[in-house]
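Good morning, and thank you for making time on the agenda.

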Amino acid sequence: MYQSAIRLTLFRAVAIFAALVTAMFALVALDVGMKRNHASAASTAGGPITRSEVLTRAQNWVSRNVQYNLTRRSNTLVTDVDGSHRYGPDCSGLVSMAWHITANSGKGGNSTSDFAGWSGKRYLSSLHDLRPGDAILKDGHMELFARWKNSADHSQGAWTYSLNGGADPDGDGWQNDWAKGPSTNSHGQVGSESWSSMQDYRPIRYNNIVEDGGAGGDFSGDGNADVLARNATTKDLHLYRGNGSGGFASGTGENISNNWSAFDTIFSPGDFNGDGKTDILARNATTKDLHLYRGNGSGGFASGTGENISNNWSAFDTIFSPGDFNGDGNADILARNATTKDLHLYRGNGSGGFASGTGENISNNWSAFDTIFSPGDFNGDGNADILARNATTKDLHLYRGNGSGGFASGTGENISNNWSAFDTIFSPGDFNGDGKTDILARNATTKDLHLYRGNGTGGFASGTGENISNNWSAFDVIF
């Protein structure tokens, strides 16, 4: 009997130990699984971050079913998309995580009161100035702004990313609320604010947020949009660093790479290989192969770069990038066929190449246009758009992207008349630092560079078109 009791005790001890080990490994597997749920983040913590990445990071918590807990105990903090940082699973922790900030990292990010006094953000003058990736803040609560429900009528309210809190029946700190966004989460919740409820909030913008898409973007890593230009004689590539307020940094224009004479098309897709640094793509004039030049994030190129990523793009007369055009978080390429004039989408794979089987025709017959480019999101709905100049009228038309690799119904509206004065038109993204995507254009006669400030809703600010730099006649490619 005594020996039987010992055996029973040992058996129970082994069973308990096995259960504990099983639980421990289950928790480890869950944490690893959650960390691997998404590709690594492109930005560096505390550094510049694009609006699309902010939204991608927020959506990651929705996809991972992150539950609300206000305690900020160490064992409640949740990893971000790359698994390197942990944030509090509450309203301000979600915004801290989405913005990839390092402030108050010891307690899982800023609280709402921290955000109110934080120097890393700025208040916007109006709720109407909100753009995807901004936030709304009031005493005790905040939400990440995803997009307007109707970009033409803000009174219909906004879609948001949020953690709001709820009931806590067992008192363990985990409340019946889960991360939610514009699309219904697994608990049937959606992030939504009416226009009337938004009146209780103040709109804020992260100082390090940068615009998506548009050729150029931030090449030097200082958070300001830059311009790159190839000298027509030497074929060297020059960097003109933007000052963040609609002009150029003093003394800029440095030669960053010699002899790009081999290429007939040069443009920037933003970050094409997923390392958080702006890259350059170039088509060889002879082979017509597409080459990737990986940026180093500080105004130059990574060592040994220039690799051939795709053969024979001879079929196309126009190649450019809208940034992420199909909403998967990866930068894409658009190309117009020289014969059919149809527009084709080449979906990036996020690691410096293209998704399998891509190249689909997304729109027929763009023969009417002599200039086609993308400013990224030009109308403020969170989707990348296309601008095109009519070869006959020289009017500028806006083609609003639908966020899934095509165009919104009925789009193609004339947004500005007679751009015949210009021989080069392109977008560096937000060039004057107001959070709205802008256009730069070189006058064909004077060769001066003019800034056309976007109004954030698909048009231009009143009185814009100012000359920001004289005599760019030396360059045959500007982007």
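Let me start with a convention: two strands are said to pair if DSSP finds at least two bridges between them. The helices (H or I, at least four residues) and strands (E, at least two) are themselves DSSP runs, numbered from the N terminus. What you see is a predicted model, in which local features need pLDDT of at least 70 and side-chain atom pairs count only at pLDDT 80 or more, while totals for chains, interfaces and linings use all residues. Residues are numbered from 1 along each chain as its sequence is written, and side-chain values use heavy atoms, with hydrogens and water left out.

First, the chain as a whole. It contains five helices and 32 strands. Of its 479 residues, 53% are buried, where buried means under 20% relative accessible area, exposed means over 50%, and partly exposed lies in between, for a 1.4 Å probe and protein chains only. Contact means heavy atoms within 4.5 Å. Among the contacts in the chain with a separation of 6 or more, 46% come from residues 24 or more positions apart.

I turn to strand β18, residues 290-293. Which residue of β18 is the bridge partner of Ala282? That partner is His291, and His291 also stands opposite Asn308 in β19.

In a regular strand the side chains alternate between the two faces of the sheet. In β18, Leu290 and Leu292 point one way, His291 and Tyr293 point the other way, and all are buried.

A second sheet deserves attention. This open sheet has four strands in the order β15-β14-β13-β32, with antiparallel pairing. β15 (254-257) and β32 (475-478) stand at its edges with a single partner strand each, so one side of each has no neighbour in the sheet. From one strand to the next, the twist averages 35°; angles here run from 0 to 180 degrees between N-to-C directions, and axes are lines fitted to C-alpha atoms, for helices over the stretch in contact. Strand β13, residues 227-231, is joined to β32 by three bridges, the two running antiparallel. Within this pair, Arg230 stands opposite Val477 of β32.

Now the helices. α2, residues 51-63, and α3, residues 91-99, pack at an angle of about 135° with their axes 8 Å apart. That angle makes α2 oblique to α3, because angles under 35 degrees count as roughly parallel, over 145 as roughly antiparallel, 65 to 115 as roughly perpendicular, and the rest as oblique. The contact is made by Val54, Arg57, Ala58 and Trp61 of α2, and by Gly93, Leu94, Met97, Ala98 and Trp99 of α3. By class, the contact has seven nonpolar, one polar and one charged residues. Here Ala, Val, Leu, Ile, Met, Phe, Trp, Tyr, Cys and Pro count as nonpolar, Asp, Glu, Lys and Arg as charged, and the others, Gly among them, as polar.

α3 is mostly covered, with nine of its nine residues buried. After α3 comes His100, whose phi is positive, near 60°.

Trp118 lies in the loop between α4 (112-117) and β5 (121-123), and is buried at a relative accessible area of 17%. Leaving aside neighbours within four places in sequence, Trp118 is in contact with Trp99, Ile101, Ala103, Asn110 and Tyr206. Tyr206 is 88 residues from Trp118 in sequence, and their C-alpha atoms are 10.0 Å apart.

Gly406 is located in the loop between β26 (396-399) and β27 (413-416). Is Gly406 buried or exposed? At 11% relative accessibility, it counts as buried. Phe325 is 81 residues from Gly406 in sequence and 7.8 Å away, C-alpha to C-alpha.

Ser367, in the loop between β23 (360-363) and β24 (369-376), counts as partly exposed at 44% relative accessibility. Neighbours within four places aside, Ser367 is in contact with Arg336 and Lys341. The C-alpha atoms of Ser367 and Arg336, 31 residues apart along the chain, are separated by 9.0 Å.
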